[in-house]
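Morning, everyone. Please take a look at the sequence and the structure before I start talking.

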Amino acid sequence: MPSELYRCVYYSKNLIAGGPARIAEEIESILAAARRNNPTLQVTGALVFNRGLFAQVLEGPCPSVEALFEKISRDERHGDIQVLAFRAVPERLFSNWSMAFLGRSREDENLFGHIGPQTGFSTERLEGDRLLEIVRNLAFEEEARAA
């Protein structure tokens with residue numbers, strides 16, 4: 001029997017107009033909506049924001065992940081969305097987070113600012129498994145720093 005749990009890994013360009021304060025306000029709005037709605041949808045995941053790029057992992061029942069991704073696809077804050085992976089998975093990697101967020105602090109900004117050289121992160125050759133690994137590692141590093 002196929003797994004009912006699915007994972008979607010994608011990235012998109014930030015189209016939020018305005019300066020850093022406006023961008024921070026919009027990201028907080030995205031996170032508040034995700035944290036409010038995702039538990040009902042049985043969706044977990046993580047969002048990374050860095051210098052104009054969103055990278056996100058969504059996990060949950062296929063209909064919920066599809067519906068949520070469709071909503072994101074219509075969101076004017078996202079552009080040039082690229083799905084890198086969408087498949088059934090045996091277990092969640094982000095079960096502790098309705099939506100983890102990486103990129104809020106100055107330390108995070110410095111960390112994520114070096115993502116490209118340190119990890120080979122390039123949207124030109126990025127693969128779903130590689131982005132998933134990057135987001136997962138950053139989420140667990142963030143959790144360890146907060147503990």
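Is aspartate 80 buried, partly exposed or exposed? Aspartate 80 is partly exposed, because its relative accessible area is 48%. Here is the scale: buried means under 20% relative accessible area, exposed means over 50%, and partly exposed is in between, with a 1.4 Å probe and protein chains only. Aspartate 80 sits in strand E4. Its phi is near 50°, a positive value in a residue other than glycine.

Some ground rules. This is a predicted model, where local features need pLDDT of at least 70, side-chain atom pairs count only at pLDDT 80 or more, and totals for chains, interfaces and linings use all residues. Residues are numbered from 1 along each chain as its sequence is written, and side-chain values use heavy atoms, with hydrogens and water left out.

Now the overall layout. The protein has five helices and five strands. Helices (H or I, at least four residues) and strands (E, at least two) are DSSP runs, numbered from the N terminus. Along the sequence, the pattern reads β-α-β-β-α-β-β-α-α-α. Of the 147 residues in the protein, 44% are buried. Next, contacts, meaning heavy atoms within 4.5 Å. Take the contacts with a separation of 6 or more: 79% of them join residues 24 or more positions apart.

On to the strands. Two strands pair if DSSP finds at least two bridges between them. Which strands does E1 pair with? One is strand E3, residues 53-61: E1 and E3 pair in the antiparallel sense over nine bridges. Another is E4, joined to E1 by eight bridges and also running antiparallel. Look at tyrosine 11. Its bridge partner in E3 is alanine 55. In E4, tyrosine 11 stands opposite glutamine 82. Next to that, serine 12 has phenylalanine 54 of E3 as its bridge partner. Phenylalanine 54 is also the partner of phenylalanine 49.

How enclosed is E1? Eight of its ten residues are buried, so E1 is largely enclosed by the rest of the structure. E3 is mostly covered too, with eight of its nine residues buried.

Now the helices. Valine 65 is in helix H2, residues 62-74. Valine 65 counts as buried because its relative accessible area is 0%. What does valine 65 touch? Leave aside neighbours within four places in sequence, and the contacts are Tyr6, Cys8, Val43, Leu58, Glu59, Gly60 and Phe86.

Helix H1 covers residues 20-41, and asparagine 38 is in it. Is asparagine 38 buried or exposed? It is buried, because its relative accessibility is 2%. Not counting residues up to four places away, asparagine 38 touches Ala33, Val43, Leu68, Ser98 and Met99. Glutamine 42 is not a glycine, but its phi is positive, near 65°.

Next, aromatic rings. A pair of aromatic rings is described by the distance of the centres and the angle of the planes. Rings of Phe, Tyr and Trp (its six-membered ring) pair if their centres lie within 6.5 Å; planes under 30 degrees apart are stacked, over 60 edge-to-face, and the rest tilted. The count is four aromatic pairs. In one of them, the rings of phenylalanine 94 and tryptophan 97 have centres 5.9 Å apart and planes at 50°, so the pair is tilted. Phenylalanine 94 is buried, at 0% relative accessibility. Tryptophan 97 is buried as well, at 15%.

On a 1 Å grid over the protein atoms alone, a cavity is a set of points where a 1.4 Å probe fits but cannot get out, and lining residues have an atom within 4 Å of a point. Grid points are joined across faces, edges and corners, and a volume is the space filled by probe spheres set on the points. How many cavities of 30 Å³ or more are there? There is one. The largest cavity holds about 30 Å³ of space. Its lining is Arg7, Val9, Ala85, Arg87, Val89 and Leu132. Strand E1 (5-14) and strand E4 (78-88) each supply at least two of the lining residues. That's my tour.

Terms used:
On a 1 Å grid over the protein atoms alone, a cavity is a set of points where a 1.4 Å probe fits but cannot get out, and a pocket is an open set with protein on both sides within 12 Å along at least five of seven lines; lining residues have an atom within 4 Å of a point.
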